[in-house]
Amino acid sequence: MTVEKLEFKTEVKQLLDLMIHSLYSHKEVFLRELISNASDAIDRAKYESLTNQDITENDPGWRIKIIADEAAGTLTVSDNGIGMTKEEAVQALGTIARSGTKEFLQALQQKQIKDNPELIGQFGVGFYSSFMVADKVTVISRKAGQNDSKGIKWESTGDGSYTVEDVDKAGKGTDVILHLNQDETKYLKEWEIKDIIRRYSDFIEHPIVMDVEREKQSEIDKTQRVKMREEETLNSMKAIWLRDKSDIPEEEYNEFYKHIAHDFTNPAKVIHYKAEGTSEFAALLYIPGKAPFNILYKDYKMGPALYVRRVQIMDHCEELLPPYLRFVKGVVDSSDLPLNVSREILQNNKQVDLIKTNLTKKVLDILADMKKDEHDKYLEFYREFGRIVKEGIHYDLARGEAIADLLLFPSTRTEEGKSRTLQDYVEGMKEDQQEIYYASGASVTEILKSPYMEAFSEKDYEVLVMVDDIDDFIFSGFEYKGKKMKSVLKGDIKLDKVVDTEHEKAKKEFGKLIELIKDRLKDQVKDVRLSGRLTDSACCLVADEHDLDPQMEKLLKAMGQDVPAAKRILEINPNHPLFAAMNAVFEKDRSNPILGEFTQLLYDQALLLEGSKPKDPGAFTRAVARLMVQNLNQQVSA
Ligand code: ADP
């Protein structure tokens, strides 16, 4: 029999290093993680046995067994679940099959993992936590349904490599054997094991058993008491979601959450109810307190676990909630669905749709209540998940307004750190105001200082400030209570009638000059027009009403999309003295080259305001420097 020696992937090495050398608190969670894996392995076997009876191998008594061997110093977690082939073990126990691993590990290293053990929990690095307490870990496994005894042995001391070899194993499933570190032998003590299991794994649906020593009356001599070893079940196995709300202490809800969400922190909200009527199901949902680090990654697994009459069908059923509620974790147990329900069936199933509608409404209602009654808590929730809930505006038209009512924005009327709702905004609108104005950009301060806001602040129109990358995409075209959302960065702005008369006058005065500017810039801008949004600045660039704003353009480019650069419109402020001065030169000599040069300079400034760069930064700075010299010389000669 050959022993193969293999190297862990780099990210596993880094992770193990962190685990072994930096994580000192909550070491006992290793047991919860191993039991959780064993339970998952049994769930899988049980599920597969619905369609393939061979899987049970005539041993349908699913159980997890804990064996503490004080003499050998080993603690074994044994299950009779699905088991692993050699390839599966190498894949599952030698790599971390998740995207973002590298970034995550870097974040951990910077963040002082010691103080933040919950970060590791989030990552669901369950199995590797064994190395926090063990010098050596041996895994002996055999795939269920083979009916032979060909198993595999995987072994590692956690120092960079592991070995695999073929071994005989009678029963199906997996034994994880921890050779405990000398300082950690307390985990062999019966009371310690019982305590950890009660705290972390009581609700596991399969029996967790252990041989325990009991004193009993002797069968032979009834006057004597003898010590005997007997198997005892250590967990209550109650499906918590089927129990009565009033019987469940908060602590138990929280532990169950930590188990299913791989989180160390308590949830922000527990939603537990039973639906009856057209659709019968029990739901136990949670709103986490903190966003998992990978919630914006593509491979983030969304949706609660789906059970059908207590049998787990899948870990994450994404058909049960819309993506904008993907942070919700939990369990849904249906009484209506068939046990052999497949992904395909789920995708077009009326029962599933009914559950989804019901759950979505429930979660949105709970969030609305939280916003009303527990505002501080809601603010925390919003900081973590507001960006995600917002997506619903775009994707769930039917519930657009309900979702919009959950949103919070800073605005030109809020103090720092405070926010307004769309409802607040609408109530504070001016009498003849038809649109809800918003400005999107990289930061609140940047937006508030932006020249695009000049006319709005001067005329006292409120503008909502938006700093999420998706904002413009989400809100352009959205209507709230019959009022259209309008970006102050895009399209034409006319805040009042005065603007029209002013523009009429300015057109007469500067019409020809504007033609010249337009002609000079015809390759660079779509149009040149008079601005209704500027009061102090000379000019700015705006996107056409239906074009992407620069923020969105950047985002799409960053996502690797091919976005054609849409030409902008140059808006000029006829009240700025610059134009009267330019016009005077223009009237005197239309061919004066300074007109062309300054037009370019004007455009370059507008680019800077927008957050872009002048096409030729060298020429731009030379021109500015020259103007400075001229001005300084005038100061001296004056
Ligand atoms: P996670 O459970 O979050 O996937 P782990 O590191 O705990 O991460 O486990 C990695 C993988 O190893 C599991 O996804 C599973 O494929 C496999 N595995 C671990 N323990 C067992 C077990 N007892 N039986 C079968 N497979 C297991």
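Where is the place of Gly611? Gly611 sits in the loop between α20 (593-610) and α21 (617-637). This is a predicted model, so the description below follows what the model shows.

## Around Gly611

Gly611 is partly exposed, having a relative accessible area of 47%. Along the chain, Gly611 and Pro550 are 61 residues apart, yet in space their C-alpha atoms are 8.2 Å apart.

## The bent helix α10

Let us turn to α10, which covers residues 375-389. A straight helix of 15 residues would span 21 Å at 1.5 Å a residue, but the end C-alpha atoms of α10 are only 17 Å apart. There is a bend in α10 too: about 60 degrees, at Arg383.

Which residues of α10 are buried? They are Tyr378, Phe381, Tyr382, Phe385, Gly386, Ile388 and Val389. An α-helix has 3.6 residues a turn, so residues three or four places apart point the same way. The cover over the buried residues of α10 includes β11 (281-287), α9 (350-373), α11 (391-395) and α12 (400-404).

## Where α17 meets α19

Two packed helices are described by the angle between their axes and the distance between the axes. For α17 (residues 497-520) and α19 (residues 577-588), the angle is about 85 degrees and the axes are 10 Å apart. Angles of 65 to 115 degrees count as roughly perpendicular, and α17 and α19 are therefore roughly perpendicular to each other.

On the α17 side, the residues that meet α19 are Glu509, Phe510, Lys512, Leu513, Leu516 and Ile517. Their partners in α19 are Phe579, Ala580, Met582, Asn583 and Phe586. Leu516 also gives a sense of distance across the model: Leu516 and Met210 are 306 residues apart in sequence and 89 Å apart in space, C-alpha to C-alpha.

## Helix α6 and its cover

Helix α6 is made of residues 190-200, and its buried residues are Glu192, Ile193, Lys194, Ile196, Ile197 and Tyr200. Setting aside residues up to four places away in sequence, Glu192 touches Lys186 and Tyr187. Glu192 and Glu28 are 164 residues apart in sequence, while their C-alpha atoms are 9.5 Å apart in space.

Met210 is found in strand β8 (residues 208-217). Is Met210 buried or exposed? Met210 is buried, at 3% relative accessible area. Beyond residues up to four places away in sequence, Met210 touches Ile66, Glu190, Ile193, Glu230, Glu231, Glu232 and Leu234. Ile193 is itself one of the buried residues of α6.

Ser39 lies in helix α2. With a relative accessible area of 4%, Ser39 is buried. Leaving out neighbours within four places in sequence, Ser39 is in contact with Ile64, Ile204 and His206.

## Two residues with positive phi

Most residues other than glycine have a negative phi, and most peptide bonds are trans. Glu57 is not a glycine, yet has a positive phi of about 50 degrees. Glu57 is found in the loop between α2 and β2. The relative accessible area of Glu57 is 17%, and since buried means under 20%, Glu57 counts as buried.

Met237 is another non-glycine residue with a positive phi, here about 60 degrees. The loop between β9 and α7 holds Met237. Met237 is partly exposed, with a relative accessible area of 25%.

## Cysteines

A disulfide is a covalent bond between the sulfur atoms of two cysteines. How many disulfides does a search of the whole structure find? The search finds 0. Cys539, for one, is in no disulfide: the nearest cysteine sulfur is that of Cys540, 7.1 Å away, whereas a disulfide needs sulfur atoms within 2.5 Å.

Cys539 counts as buried, at 2% relative accessibility. Cys317 is buried as well, with a relative accessible area of 0%.

How values were computed:
Residues are numbered from 1 along each chain as its sequence is written. This is a predicted model: local features need pLDDT of at least 70, side-chain atom pairs count only at pLDDT 80 or more; totals for chains, interfaces and linings use all residues. Side-chain values use heavy atoms; hydrogens and water are left out. Helices (H or I, at least four residues) and strands (E, at least two) are DSSP runs, numbered from the N terminus. The expected span of a helix is 1.5 Å times one less than its number of residues. The bend at a residue is the angle between axes fitted to the seven residues ending there and the seven starting there. Buried means under 20% relative accessible area, exposed over 50%, partly exposed in between (1.4 Å probe, protein chains only). Contact means heavy atoms within 4.5 Å. Axes are lines fitted to C-alpha atoms, for helices over the stretch in contact, and angles run from 0 to 180 degrees between N-to-C directions. Angles under 35 degrees count as roughly parallel, over 145 as roughly antiparallel, 65 to 115 as roughly perpendicular and the rest as oblique.
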